[in-house]
Amino acid sequence: MKFVLFQKLAGLQGGGLIMFLLSVIAVAALLIGIIRYKKTSHPAPKNRTRALVYGALCVALSFMLSYIKLFSLPMGGSLTLCSMLPIVAYACAFGPLYGFTAGLAFGVLQLIQDFYVIHWAQLLLDYFFAFACYGIAAYFPNKLTLGIAVAGLCRMLCSTLSGGIFFADSAVDAGWSNAWLYSLAYNGSTIGAETVLCVLVSLLPPVKKVLGLMKSE
């Protein structure tokens, strides 16, 4: 695929331009969140060793759940069994620093599990920025459901930005005239659907109980 980033961006209009701007805002919010994490009101964990152990367990659990795929799409991406939930819950319990770190670690594991890279910027968007978005849930320490929704939306927008720029040819092959709408629909059917599923699961009493136990530790 010939990469002509600036030509593609210059030709954006209508819905494509709106999707691009929303995606850029999501990436900017992620970067600002990482830079300003120390200013959050989230209390630091009393026992850092315990926090790291919980982090390792949550990343491992998310990685295990990522193998339980309800369906997969041909160009990458799949609907998994709530693989984002453990890391988002961990971020809510232990704060941004631990949440962003766990998200990045999970992104590296996903890169190893399902390597599909055509450009360094696409690598950053699809694996590092996208999964780091799970750490944004830390800014909603007492609202797990809202944290899941915001983190999932930000990850979906990162992947939509990547798809609209780097996989426009796939939209044409699939019969879509608008690469951005195709990317939104593609990522919405996987990341968006999983986010909705995780929101529903987070409402279950056992999940709330586990989160409460993590915070109490």
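Tutor: We'll go from the overall fold to a helix, a loop residue and some aromatic rings.

Student: Great. What should I know about the source?
Tutor: This is a predicted model, where local features need pLDDT of at least 70 and side-chain atom pairs count only at pLDDT 80 or more, while totals for chains, interfaces and linings use all residues. Residues are numbered from 1 along each chain as its sequence is written, and side-chain values use heavy atoms, leaving out hydrogens and water.

Student: How many helices and strands does the protein chain have?
Tutor: The protein chain has ten helices and two strands. Both are DSSP runs numbered from the N terminus: helices are H or I with at least four residues, strands are E with at least two. The order along the sequence is α-α-α-β-β-α-α-α-α-α-α-α.

Student: And how much of the chain is buried?
Tutor: Of its 217 residues, 46% count as buried. Buried means under 20% relative accessible area, exposed over 50%, and partly exposed in between, using a 1.4 Å probe and protein chains only.

Student: Switching topic: where is the kink in α9?
Tutor: The kink is centred on G188 and comes to about 45°. That bend is the angle between axes fitted to the seven residues ending there and the seven starting there. Helix α9 covers residues 179-202.

Student: What caps the N-terminal end of α9?
Tutor: N178 does, with a side-chain oxygen 2.8 Å from the backbone nitrogen of W180.

Student: Now S83. Is S83 buried or exposed, and why?
Tutor: S83 counts as buried because its relative accessibility is 4%. You'll find S83 in the loop between β2 (78-80) and α4 (85-94).

Student: Which residues does S83 touch?
Tutor: Leaving aside residues up to four places away in sequence, S83 touches S62, L65, S66, F106 and E194. Contact means heavy atoms within 4.5 Å. The side chains of S83 and T80 are also joined by a polar contact of 2.7 Å. A polar contact is a pair of N or O atoms within 3.5 Å; within protein, one must be able to donate a hydrogen and the other to accept it, and residues adjacent in sequence count only if both atoms are side-chain atoms.

Student: You mentioned F106. How many aromatic pairs are there?
Tutor: The structure holds ten. Rings of Phe, Tyr and Trp (its six-membered ring) pair if their centres lie within 6.5 Å; planes under 30 degrees apart count as stacked, over 60 as edge-to-face and the rest as tilted. F106 and F131 are edge-to-face because their planes are at 85°, with centres 5.3 Å apart. F106 sits in helix α5 (residues 96-113) and F131 in helix α6 (residues 120-132), 25 residues apart.

Methods. The expected span of a helix is 1.5 Å times one less than its number of residues.
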